[in-house]
Amino acid sequence: PCRSVLTVACEQTEVLLFDPISSKHIKTLSEAHEDCVNNIRFLDNRLFATCSDDTTIALWDLRKLNTKVCTLHGHTSWVKNIEYDTNTRLLVTSGFDGNVIIWDTNRCTEDGCPHKKFFHTRFLMRMRLTPDCSKMLISTSSGYLLILHDLDLNKSLEVGSYPILRARRTTSSSDITSSGSSGPRAVGSPCHQNDSGPLSEKHLSRSSQREGGSPRNSLEVLTPEVPGERDRGNCITSLQLHPKGWATLLRCSSNTDDQEWTCVYEFQEGAPVRPVSPRCSLRLTHCIEEANVGRGYIKELCFSPDGRMISSPHGFGIRLLGFDAHCSELVDCLPKEASPLKEIRSLYSHNDVVLTTKFSPTHCQIASGCLSGRVSLYQPKF
């Protein structure tokens with residue numbers, strides 16, 4: 001958070017630390033985990049967490065990097081995502097076992113950390129908290145996006161214990177306008193769940209059908225609309241949130257692996273058009289087709305700290321994208337129909353497919369990492 005260290009998660013058990021200003025290598029944690037390191041999350045200016053395909057999460061202190069603070073055991077498959085609720089100081093992780101697990105970092109010891117399973121869904125890919133921690137978003141490889149509204153991390157969710165907000169496909173604003181008189185159309189619950197599954201509409205609670213606000217941890221299931229994916233389905237591989245909580249940013253690939261898209265969806269607050277209509281909290285506002293290279297690898301994109309730009313892996317480099325050519329705020333560029341993102345600048349310095357990119361939280365600086373392990377730092381001039 002204080003921009004003094006750039007940390008890099010590597011495929012072969014390593015974590016690299018750099019000074020982002022001087023570009024000097026600070027330290028290598030050569031055996032940070034026993035398998036690929038997937039993600040890193042700072043809890044404050046000194047403590048950070050790493051997760052791995054070895055099914056564990058590790059806590060580290062920048063002041064003493066020779067040993068881990070502790071190792072957290074609880075997942076049964078690859079751990080891919082780490083979030084942190086600064087209000088409750090709860091660490092939130094998700095993995096390919098389909099579990100979202102909550103860890104109480106207030107009571108960590110060398111032996112581990114008290115934890116509990118918070119949520120479970122099949123095909124889980126990524127999990128994110130909104131900046132105010134009022135919502136949890138979960139993306140799946142089957143193309144569904146789950147939103148838990150009015151989030152309460154202290155309450156574990158079991159099958160049938162949470163109200164369902166009926167699912168629907170997200171729309172462009174023209175679809176909303178045309179459906180205003182008859183109500184939005186429903187697409188039902190995910191096809192991968194049977195009638196007895198946790199996402200079945202037979203578990204709809206009466207409170208979720210009331211006009212107005214939804215109860216705590218109410219679940220909304222969406223199939224985000226992606227250009228060109230109507231017949232082939234898609235996998236949501238990367239999921240990011242606007243720093244002001246206005247929108248979500250998705251990287252989607254087709255199930256046939258022949259297309260990739262970056263899409264921005266605006267959050268729409270409030271009740272459905274009619275109380276009995278399916279809720280739809282997201283609206284597609286901007287999108288752009290991406291370079292279809294490095295198939296099978298996830299490309300992690302990001303918002304700039306002010307939310308005006310998007311940095312997206314594109315082939316052997318990155319593209320800086322804006323909502324318009326002037327890098328205006330999203331709220332000033334909301335189109336009536338989904339519009340293309342504008343390419344502001346392309347930056348190429350790699351000899352392999354770029355997989356990840358990140359803005360500095362305080363400086364005009366961007367980092368990118370490619371498949372062969374090279375890390376590049378940019379200071380773009382406009």
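This is a predicted model: local features need pLDDT of at least 70, side-chain atom pairs count only at pLDDT 80 or more; totals for chains, interfaces and linings use all residues.
Buried means under 20% relative accessible area, with a 1.4 Å probe and protein chains only. Strands here are DSSP runs of E, at least two residues, numbered from the N terminus.

Residues are numbered from 1 along each chain as its sequence is written, and side-chain values use heavy atoms, leaving out hydrogens and water.

Which way do the side chains of strand 16 point? I found S218, E220 and L222 pointing one way and L219, V221 and T223 the other. In a regular strand the side chains alternate between the two faces of the sheet.

Next I checked the partner. Strand 14 (residues 145–149) runs antiparallel to strand 16, joined by five bridges; two strands pair if DSSP finds at least two bridges between them. L145 sits opposite L222.

Then I went to an open sheet of five strands, in the order 17-18-19-20-24 with mixed pairing. Strand 17 (234–241) and strand 24 (339–340) are its edges, each pairing on one side only. Inside that order, strand 19 (residues 260–267) and strand 20 (residues 282–289) pair antiparallel over seven bridges, and V264 faces H286.

Last stop was E31, in the loop between strand 3 (25–29) and strand 4 (37–42). Buried or exposed? E31 counts as exposed at 68% relative accessibility, the cut-off being over 50%.

Technical notes
Helices (H or I, at least four residues) and strands (E, at least two) are DSSP runs, numbered from the N terminus.
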